[in-house]
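The following exercises ask the student to read a protein model step by step. Each task is followed by a worked solution.

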Amino acid sequence: MTEPVTIPAFCDTIAAMALRVSILTREYPPHIYGGAGVHVGQLVPQLRKFTKSVEVQCMGEQREGATAHAEDFPPGANAALRVLGADVAMANAIGDVDVIHSHTWYANFAGLIGSKFLDVPHVVTSHSLEPHRPWKAEQLAGGYRVSSWAEKTAFEDAAAVISVSNGMRADVLDSYSDLDPSRVFVVKNGIDPDEFKPDFHTDVVDSLGVDRDRPLVVFVGRITRQKGLVHLVRAAQQFDPDTQLLLLAGAPDTPEIAAEFDAAFAELSQARSGHVKWVQEMLPRASVRQVLTHATVFACPSVYEPLGIVNLEAMACETAVVASAVGGIPEVVVDGETGTLVAYDPKQAGDPEFVSAFEARFADEINRITRDPALAERYGKAGRQRCIDEFSWEKIAKETVAVYEQAIAFHNAR
């Protein structure tokens, strides 16, 4: 793997403090549903400490602190085409800025055309990669080819690419071999340990029917192929009899994954009546914080994960983590120190024997921690300390501004 490019040390120079930045994103608080939205929501306030101004262009409903653009043109079109329609409106709304920074393919096209129109550098952050998410063809049909093209074109034209982990950087260079490695930087995701911290109140978990005297395994995330929730539900068949499973998971992305998940969940519910609960509505972040605090183990069975902010959220609440060893997860969860990693090979996803063995190993590692409260506590405390030491949003903002300066220099030299 090509060695990551070292980001020059940030300093509060006049040039840095004079930067005007436009952030382009589909998600922005309070309307967020994934890690990219959490990332942008946390990054923007920190960027404003170290730049002259930061404007935000987002999609969806109007909200404070951003200019929103509806995904409604062309009317009735495929979802990917409507995203491109919003991208054009977004690009048109960009103000007088020095750098444009887009997040996910949903906003990459806006950054690309905005950069061309205004003649300013475009920086992209790779939260995920379309070539690594082929299951999205189930959702978008021909739109998946559109999203893949938009991402590829934007990445290859960008003045700088930010990857949220070293694993993601390797995937970026593997997926887009025409990219100059010297323009691909690593700036990891972060966590606010003042927002996500242990909450020992019990009103939320009591309202959800959690038995606080028995071990609790928690999942928080979307029901997609990427998050691997079906694997966790199947693994739960092998949990110790007194272990509870609580799923904070919204509606499935597609009818296909819905059918697969519903069948697995129904089988589990029948086998472990009273020990498993699925909460479909999105809980407030404060409620999620309390649930994570009371979890014995946070489970992350993702089959693809660039970094995994949700693991940081669990760790910051002093909760042990069992996660699949994919993407950037090993850069967050330290095996044997803050939790346990379970090997997973995406290339063997079609092999029933491999998948079954993975699910069994996942269950074994969860059982090992739920049987040992002292181990769970040790992992949890080490996880919170790791969040404080390594994943500060202020540090991430400074590194991001340093990349902006590199992107401006590259753009001017083109």
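Two strands pair if DSSP finds at least two bridges between them. Helices (H or I, at least four residues) and strands (E, at least two) are DSSP runs, numbered from the N terminus. The model is predicted, so that local features need pLDDT of at least 70 and side-chain atom pairs count only at pLDDT 80 or more, while totals for chains, interfaces and linings use all residues. Residues are numbered from 1 along each chain as its sequence is written, and side-chain values use heavy atoms, with hydrogens and water left out.

**Exercise 1. Strand β11 and its partners**

Task: Determine which strands pair with β11, and in which sense they run.

Solution. 

Step 1. Strand β8 (residues 216–221) is joined to β11 by 2 bridges, and the two run parallel. Within this pairing, valine 217 stands opposite valine 297 of β11.

Step 2. β11 is also joined to β12 by 4 bridges, again in parallel. Here valine 297 stands opposite alanine 320 in β12.

Step 3. Between β11 and β12 the chain passes through helix α12 (residues 309–316), and this β-α-β crossover is right-handed. A crossover is right-handed if, with the strands pointing away from the viewer, the path from the first strand over the helix to the second runs clockwise.

Step 4. In a regular strand the side chains alternate between the two faces of the sheet. In β11 (residues 297–300), Val297 and Ala299 lie on one side and Phe298 and Cys300 on the other, and all are buried. Buried means under 20% relative accessible area, exposed over 50%, and partly exposed in between (1.4 Å probe, protein chains only).

**Exercise 2. Strand β6**

Task: State how many bridges join β6 to β5 and to β7.

Solution. 

Step 1. Strand β5 (residues 122–126) runs parallel to β6, and 4 bridges join them. Serine 126 has serine 163 in β6 as its bridge partner.

Step 2. With strand β7 (residues 184–186), β6 pairs in the parallel sense over 3 bridges. Isoleucine 162 stands opposite phenylalanine 185 in β7.

Step 3. The chain goes from β6 to β7 by way of helix α7 (residues 166–175), in a right-handed β-α-β crossover.

Step 4. From β6 (residues 160–163), Ala160 and Ile162 point one way and Val161 and Ser163 the other, and all are buried.

**Exercise 3. Aromatic pairs**

Task: Describe the pairs that phenylalanine 265 forms with phenylalanine 261 and with tryptophan 278.

Solution. 

Step 1. Rings of Phe, Tyr and Trp (its six-membered ring) pair if their centres lie within 6.5 Å; planes under 30 degrees apart count as stacked, over 60 as edge-to-face and the rest as tilted. The structure holds 9 aromatic pairs.

Step 2. One of them is formed by phenylalanine 261 and phenylalanine 265, stacked at 5.7 Å centre to centre with 25° between the planes. Both residues lie in helix α10, 4 residues apart, about one turn of the helix.

Step 3. Phenylalanine 265 counts as buried because its relative accessible area is 15%. With tryptophan 278, phenylalanine 265 forms an edge-to-face pair, 5.5 Å centre to centre and 65° between the planes.
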